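Please read the report below alongside the sequence and the 3D view.

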Amino acid sequence: MIAEVGSFALVLGLAFAIAQVGLSAFARVRRSIPLAAAGEGAALASFAGVAIAFGCLIYAFVTSDFSVANVAANSHTEKPMLYKVAGAWGSHEGSILLWCFILTGYGAAAATLGRGLPQGLKALMVAVQGALGTVFLAYTVFASNPLLRLATPPVEGRSLNPLLQDPALAIHPPFLYSGYVGMSVVFSLAVAALIEGRVDAAWARWVRPWALAAWSFLTVGITLGAFWAYYELGWGGWWFWDPVENASFMPWLMATALLHSAIVTEKRGALAGWSLFLALGAFTFSMLGAFLVRSGVLTSVHAFAVDPKRGVLLLIILALTSGSAFTLFAWRAPKLSPGGMFAPVSRESALVLNNILLAAATATVLLGTLYPLIRQALSGEAISVGPPYFNLTFAPLMAALAILLPAGPLLAWKRGDARGVAQRLWVAALVALGCGLLTLALISPRKALGALGVTIGAWLVMGAGVELIERTRALRVPVSDSWRRLVGLPRGAWGMTLAHLGLGVFVLGACVELGWKGEAAEALPLGGSLNVAGYHLVLETVGPVEGPNFESERARIQVTKDGQPICVGEPDRRFYPAGGQTVSGISLCYRGASHLYIVLGERRKTTAGTPVWLIRAYWNPWASLIFLGPVIMALGGLTSLSDRRLRLGVARRRKEQPA
Amino acid sequence: MNLRALAAIFAGVLCIAAAADPADRLPDPTQEARARAIFADVRCLVCQNESIDDSEAELAGDLRRIVREQVKAGRSDAQIKGFLTDRYGEFVLMTPAFSWMNLILWGGPFVVVVSGAGLLISRLRSRPGDTEFSPEEAERVRGLSETDAS
């Protein structure tokens with residue numbers, strides 16, 4: 001019964017989405033306020049319908065209702081509750097319903113929160129959002145309904161892939177999709193502005209909060225995915241330049257570029273066309289990501305819930321929505337005003353450079369992801385584009401961006417003072433260079449690239465510090481004065497500084513981890529030991545442990561350094577009978593920001609007949625920073641989002657002080 | 001869920017974990033390090049986008065043995081990679097070749113940077129003469145429309 005209610009609500013949601021398009025578009029043509037209000041009401045109703053459907057699916061998973069085909073294929077009665085709920089978005093159908101839930105949710109939010117927008121623009125935005133909702137809901141209802149029943153329900157479900165039964169991954173899709181789909185509001189605003197033919201500072205200001213929210217979610221979502229790969233896949237890697245990862249990274253890069261170009265459009269009225277292009281591009285890449293991940297056209301380590309047949313439908317949706325939006329762009333964008341002038345050395349130029357480098361980085365990731373397909377079509381030969389390609393193309397682009405970054409916020413609009421900026425940054429530059437040279441000289445003379453990474457990371461962190469010092473005029477005015485300035489800093493400024501600091505922290509972590517990681521592997525009998533990076537690991541016991549839905553063998557490994565006990569690692573190796581899979585559960589021993597990463601491998605027999613276990617241990621220096629950095633960046637995004645100047649609807653009613 | 005999806009999942013599970021099995025290791029640590037560096041650039045052909053350094057699949061083990069044997073026999077990195085591409089095609093290497101066929105792949109990012117820089121320079125050079133307003137006037141008009149909008 002519940003599943004039927006859900007299906008019915010889903011169809012209702014689709015009907016309301018169609019009504020939303022019609023009412024809002026008509027409201028724009030007639031300039032009718034009641035019609036526009038009806039369109040907004042339809043947006044809310046559509047969201048309510050999809051929310052009910054989604055609730056029904058979660059209910060079916062929680063109660064293990066195996067008469068629903070999707071539940072039977074992806075759940076199991078013995079699975080812990082968190083993974084029963086997460087199973088609702090663990091499959092293709094469920095994840096598309098999650099997508100629709102978030103899409104209509106954003107639509108409803110935009111309809112309610114966007115009170116400051118001009119009537120016409122808002123009605124068009126609601127209409128476009130409704131059109132997106134219609135397309136994806138129609139796909140869900142007709143091609144991918146997760147609430148369909150089975151004629152003969154099985155007694156037990158087939159369970160979720162054990163690799164996915166992990167807390168980080170359970171909440172990874174909602175964050176990732178909130179990021180992907182958040183770009184839809186930005187997309188709708190861009191299409192609406194193109195139809196209206198007016199893109200100005202106000203438009204950029206309306207776009208920013210949505211782009212910021214989506215970007216922050218996406219940052220967290222990608223980080224959760226990377227962290228999951230880090231400790232679940234069992235060899236300590238966190239980024240593989242895998243198509244699925246690239247698919248989520250491209251919208252992130254586009255959104256990052258948009259956040260920066262929208263500042264230029266907001267403050268100086270320039271780059272309006274480019275900001276529009278990025279606004280359309282960000283959601284296009286989100287849809288491309290969904291298509292790549294869900295269709296299985298590319299092979300990936302973590303492509304789950306793949307369905308090639310429906311991939312074609314997703315490709316058609318992508319071509320329809322983005323194709324029409326970019327056609328509109330090509331038609332209308334040339335008529336936009338070019339905006340204010342600026343000198344070669346200015347904040348504008350710095351932000352344009354940022355955008356050029358980010359665009360090139362996106363092109364790198366896009367080419368690296370799709371070129372194997374293109375090449376196959378061109379010459380019939382298969383090629384691989386792996387991490388070495390990205391190290392040679394993406395890394396230098398990002399290095400250039402990072403080197404330029406600290407100068408950007410210190411430059412003035414229109415005409416900057418290169419000399420003044422150099423005067424403010426030379427101390428930071430010296431310290432960063434010093435860090436790099438010290439690393440090179442004292443720690444490992446042969447790791448020039450690692451030392452370069454340390455230099456860049458330190459430069460970014462120092463740059464964020466200089467930014468703060470400049471804004472508070474610290475060291476030049478009395479401390480109490482600086483403190484007052486510090487407290488009075490707008491949240492937007494804090495957000496920027498945090499985001500830039502987060503990037504620096506990430507670069508430091510990534511470079512130190514990649515440059516100085518250590519590895520050891522031995523087949524150990526009980527009592528045997530191995531050494532990695534000065535740590536001494538002794539395999540003490542191995543015993544069976546019963547999990548809720550798995551059986552496992554768990555090792556107890558005593559870790560010492562210079563005779564002092566440090567920690568006890570308890571890695572295990574789990575067997576999930578429901579799907580017949582084996583997964584290793586690693587053990588992390590935290591040493592400051594560094595990790596000692598221990599994996600229990602397979603059991604073997606020596607020639608003498610005594611059992612040995614393959615133990616692998618990695619020393620991952622500063623690995624915590626890799627995940628901390630993006631979290632700081634996302635916090636920066638959220639801080640900036642909470643800035644009063646950006647809050648939708650508020651700006652219009654309160655008389656604002658000039659910035 | 002269909003068979004292909006299941007196969008993908010199993011392949012994913014089988015391909016978990018690394019190459020550093022002590023049983024296969026070369027006695028000479030410099031040779032072993034060289035072999036490991038080559039592993040990272042060789043694709044496990046039956047896996048879901050993994051190098052043989054990371055993969056536990058049987059074929060990856062075979063490829064590792066071939067590479068180790070050749071390293072031990074004193075062949076150069078280029079020779080070993082050449083041997084692998086002759087046998088399995090370009091697909092087996094994680095680094096795409098610097099060939100004319102891959103011009104777009106390697107040159108694409110460069111083109112974006114150059115054309116972006118070109119656009120920026122032309123924008124910086126463009127004179128305000130082609131608009132009806134002088135920059136000061138345009139600024140004032142924009143100022144007016146902004147106060148109007150907010």
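Glu519(A) counts as partly exposed, at 37% relative accessibility. Buried here means under 20% relative accessible area, exposed over 50%, and partly exposed in between, with a 1.4 Å probe and protein chains only. Arg36(B) is buried, with a relative accessible area of 18%. The side chains of Glu519(A) and Arg36(B) meet in a salt bridge, 3.1 Å from N to O. The rule for a salt bridge is a side-chain nitrogen of Lys or Arg within 4 Å of a carboxyl oxygen of Asp or Glu. This pair crosses between chains: Arg36(B) sits in helix α2 (residues 29–39) of chain B, Glu519(A) in strand β1 (residues 518–524) of chain A. Helices (H or I, at least four residues) and strands (E, at least two) are DSSP runs, numbered from the N terminus.

## Model and confidence

This is a predicted model, in which local features need pLDDT of at least 70, side-chain atom pairs count only at pLDDT 80 or more, and totals for chains, interfaces and linings use all residues. Residues are numbered from 1 along each chain as its sequence is written, chains are lettered from A and ligands numbered from 1 in the order in which they are written, and side-chain values use heavy atoms, with hydrogens and water left out.

The pLDDT score is the predictor's confidence in each residue, from 0 to 100. Chain A has a mean pLDDT of 86, and 95% of its residues reach 70 or more. Over residues 648–659 of chain A, pLDDT stays under 50. The model has 18 contacts beyond four places in sequence for that stretch; contact means heavy atoms within 4.5 Å. Where pLDDT is low, the predicted coordinates should not be read in detail.

## Salt bridges within chains

The count comes to 24 salt bridges over all chains. One of them joins Glu40(A) to Lys122(A), with the closest N and O atoms 3.2 Å apart. The pair links distant parts of the chain, from helix α2 (residues 33–62) of chain A to helix α6 (residues 119–143) of chain A, 82 residues apart. Both Glu40(A) and Lys122(A) are buried. Glu4(A), Asp65(A) and Arg149(A) are linked in a network of salt bridges.

In chain B, the side chains of Asp77(B) and Arg34(B) meet in a salt bridge of 2.9 Å, N to O. Asp77(B) lies in helix α4 (residues 77–88) of chain B and Arg34(B) in helix α2 of chain B, so the pair ties together parts 43 residues apart in sequence. Asp77(B) is partly exposed at 32% relative accessibility. Arg34(B) is partly exposed at 29%.

## A hairpin in chain A

Side chains alternate along strand β2 (residues 529–532) of chain A. β2(A) pairs with strand β3 (residues 535–546) of chain A in the antiparallel sense, over four bridges. Strands pair if DSSP finds at least two bridges between them. Val532(A) stands opposite Tyr535(A) in β3(A). The hairpin has two residues between its strands, and Ala533(A) takes a positive phi near 45°.

## A buried loop residue

Ser64(A) is found in the loop between α2 and α3 (69–74) of chain A. Ser64(A) is buried, with a relative accessible area of 13%. Not counting residues up to four places away in sequence, Ser64(A) touches Val71(A), His76(A), Thr77(A) and Lys84(A).
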